[in-house]
Amino acid sequence: MLSLKEYIDANHLKYYIKTYGCQMNDHESEKIGGLLESIGYRPSGTLDDADMIVFNTCCVRENAEQKTFGNVGALKKLKEENHDKIIAVCGCMTQQDESAKRLFDMFPFVNIVMGTHNLHLLPQMVGQCLLEGKRVFAVAQDNQEIQEGIPIIRETPPLASVNIMYGCNNFCSYCIVPYVRGRERSREAANILDEINGLAGNGYREVMLLGQNVNSYHGVDGTDFPSLLSRICSDTDISRIRFMTSHPKDLSDRLIKVIAANRKVCKHVHLPVQAGSDTVLQNMNRGYTREQYLNLVGAIRDAVPDIVLTTDIIVGFPGESEADFMETMSLLEAVRFDSAFTFVYSRRRGTKAASMPGEIDDAVKRDRIVRLIDLQNGIVEETIKKYEGTVQQVLVEGMSTRDRNHVCGRTDGGKMVNFSGVQSLIGDFCNVKIIQAKRTTLFGELGEAGEKN
Ligand code: SF4
C-alpha cells in the first residue's frame with residue numbers, strides 16, 4: 001500500500017488555499033501550504049484545478065461568516081464533478097464549536113472541518129480522507145501548547161511575517177478573537193531569533209512580527225517585547241523590523257525608547273484607538289481613556305518625531321451619542337493619523353457588546369462613517385504632502401501593478417512608493433526622491449542604492 005506522500009506524488013495532486021481576514025490568517029495559510037507541501041501536494045493556480053481546496057476563514061464580522069457559508073456551499077458543484085476532491089474548512093470561524101458543527105452537518109461534501117488549534121494535524125487528517133475515505137471533524141478547545149517547526153511556504157523575499165505570540169487576554173467587548181484564538185501564549189525568544197536569522201540567511205530583509213497584542217509578549221525566559229525587539233536588532237541579520245498590533249494600554253516607555261534607539265525598528269506604530277469618547281472606550285473595555293491615549297501619542301512623538309501613526313476606529317458602537325462621535329472626530333483632528341482603518345460597528349454574536357442596549361440606527365451609522373472618512377481623507381491629503389521633495393529609503397518589494405516599468409516598495413514608516421526601476425532592484429534598499437504625494441502613495445525618482453545598517 002502506498003504511503004500518503006507516495007499517493008499524493010503518484011497522482012500529482014495540487015492544492016489551493018482561499019484566505020479570509022487578517023494578516024494572522026495570511027500567515028497561517030503559509031503554514032497550511034507548508035504542511036500540504038510536506039506531504040507532496042503542489043500549489044495550484046486556480047481553485048477549479050485543485051485536488052485539495054482549503055478555506056481559511058475569519059469570523060470577526062458576522063457577515064463574513066454568512067459569506068463563508070455561501071462560498072463553501074458553492075463548492076458543491078466542483079465536488080460533484082470530481083468526487084476525489086478534498087475540501088477543508090479551517091480558521092477562526094470553525095474554531096467556534098457551534099459554527100463548525102453547523103457547517104459539517106450542512107455540507108456533507110466537506111471532508112475536513114478543523115479549528116485553529118488543530119492546524120498542525122492537517123497531514124494526518126488528509127491521510128484519513130484520502131486513504132481511509134473518512135470525514136474529519138477536529139475542533140480542539142483552547143490549546144496552550146505552541147507548535148514549533150511547522151513548515152512554512154512564504155512569498156518570495158524580501159518580506160516575511162513571523163508570529164511571536166498567539167491569542168488575546170483583553171476581551172474588548174466587541175471582539176470575538178479571545179474566544180476563538182484562546183488566551184495569550186508567547187513563543188520562546190530563542191525560536192523567534194532562530195526563525196528570523198534563517199529568514200535573513202534566505203534573502204529576506206524585513207520581518208513583520210505578528211500578535212493580537214505584541215506589547216504583552218512575554219517569553220518563558222522573561223524576555224518582554226522591548227527586550228525581544230532589542231535582541232532581534234542585535235542578534236539577527238534582518239534589516240528591518242515591523243510589528244503589529246500594539247494595544248495602547250500596554251505600550252511602555254521602554255518600548256518607545258527601543259523604537260527611537262534602533263535604526264532597524266521601523267518608525268511606524270499601528271495603535272488602534274477605536275473611539276475618542278471615554279464612555280465608549282469604557283463600554284468597549286479598552287482599558288485606557290482618551291487622555292491617556294493622547295498622552296501616549298505625545299510621548300511617542302516626543303521620542304520619535306518622524307513616527308508614522310496609524311489606527312483603527314469603530315463608529316456606531318451601542319450607545320454612541322452624537323457627542324461621543326464628535327469626540328472621535330476631535331481626536332482624529334488632534335492626532336492627525338497617517339492613516340485610519342474605519343469600521344461601522346456590527347453586532348457579533350458571542351461577544352459582550354452583542355447584548356448591549358442602545359443599538360445605533362443604520363442611517364446614523366452611515367452618516368457618521370461618511371463624516372469620519374471625509375475628515376480623515378482631508379488629513380491624509382494634507383499630511384502626505386510633507387514627503388514631497390524629501391529623499392526616502394525604500395525597500396523594493398516588487399513590480400508596480402500600475403506600470404510595468406516601475407517598481408514599488410515601502411518607506412521605513414510604511415508609505416508605499418512607486419518609481420521607475422527594474423526587477424533586479426527587488427530586495428534592495430533604494431534612496432528615492434519623492435516628486436509627488438497622492439493620497440496613499442508616493443511617486444519618486446531613484447537616487448543611488450542605499451544599504452540599511
Ligand atoms: S486586543 Fe481587543 S480587539 Fe484586539 S484581539 Fe484582543 S480583544 Fe480583540
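Three strands of this predicted model form an open sheet with the order 12-13-14 and parallel pairing. Strands, like helices, are DSSP runs numbered from the N terminus (E over at least two residues for strands, H or I over at least four for helices), and two strands pair if DSSP finds at least two bridges between them. The edges of the sheet are strand 12 (268–270) and strand 14 (339–344), each of which pairs on one side only. From one strand to the next, the twist averages 10 degrees; axes here are lines fitted to C-alpha atoms, for helices over the stretch in contact, and angles between N-to-C directions run from 0 to 180 degrees. Strand 12 runs parallel to strand 13 (residues 308–315), and 3 bridges join the two. Histidine 270 has threonine 310 in strand 13 as its bridge partner.

Residues are numbered from 1 along each chain as its sequence is written, and side-chain values use heavy atoms, with hydrogens and water left out. Because this is a predicted model, local features need pLDDT of at least 70 and side-chain atom pairs count only at pLDDT 80 or more, while totals for chains, interfaces and linings use all residues.

The protein is divided into domain 1 (4–138), domain 2 (154–265), domain 3 (267–386) and domain 4 (388–449), with bounds that come from an automatic or database domain assignment. The centres of domain 2 and domain 3, taken over C-alpha atoms, are separated by 24 Å. Across this pair, 23 residues of domain 2 are in contact with 30 residues of domain 3, where contact means heavy atoms within 4.5 Å.

Another open sheet has 3 strands in the order 7-10-11, again with parallel pairing. Strand 7 (159–163) and strand 11 (240–244) are its edge strands, and each pairs on one side only. Neighbouring strands of this sheet are turned against each other by 25 degrees on average, direction ignored. Strand 7 pairs in the parallel sense with strand 10 (residues 206–210) over 5 bridges, and valine 162 stands opposite leucine 209 in strand 10. Lying across strand 10 and strand 11 is helix 10 (residues 225–235), which runs at about 160 degrees to strand 11.

Some backbone details deserve a look. The peptide bond from proline 157 to proline 158 is cis, with omega near 20 degrees, and proline 158 has its place in the loop between strand 6 (136–138) and strand 7. A cis peptide bond also leads from methionine 244 to threonine 245, with omega near 10 degrees; threonine 245 is found in the loop between strand 11 and helix 11 (253–261). Glutamine 274, although not a glycine, has a positive phi of about 75 degrees. This glutamine 274 lies in the loop between strand 12 and helix 12 (278–283).

Helix packing comes next. The axes of helix 14 (residues 322–335) and helix 15 (residues 362–383) come within 10 Å and cross at roughly 10 degrees. Helix 14 and helix 15 are therefore roughly parallel to each other; angles under 35 degrees count as roughly parallel, over 145 as roughly antiparallel, 65 to 115 as roughly perpendicular and the rest as oblique. On the helix 14 side, Glu322, Phe325, Met326, Thr328, Met329, Leu332 and Glu333 meet Arg368, Arg371, Leu372, Leu375, Gln376 and Ile379 in helix 15. By class, the contact of helix 14 with helix 15 has 7 nonpolar, 2 polar and 4 charged residues (Ala, Val, Leu, Ile, Met, Phe, Trp, Tyr, Cys and Pro count as nonpolar, Asp, Glu, Lys and Arg as charged, and the others, Gly among them, as polar).

For helix 2 (residues 23–38) and helix 7 (residues 122–132), the axes come within 9 Å and cross at roughly 55 degrees, which makes helix 2 oblique to helix 7. Helix 2 contributes Ile32, Leu35 and Leu36 to the contact, and helix 7 contributes Leu122, Pro123 and Val126. The residues of this contact comprise 6 nonpolar, no polar and no charged ones.
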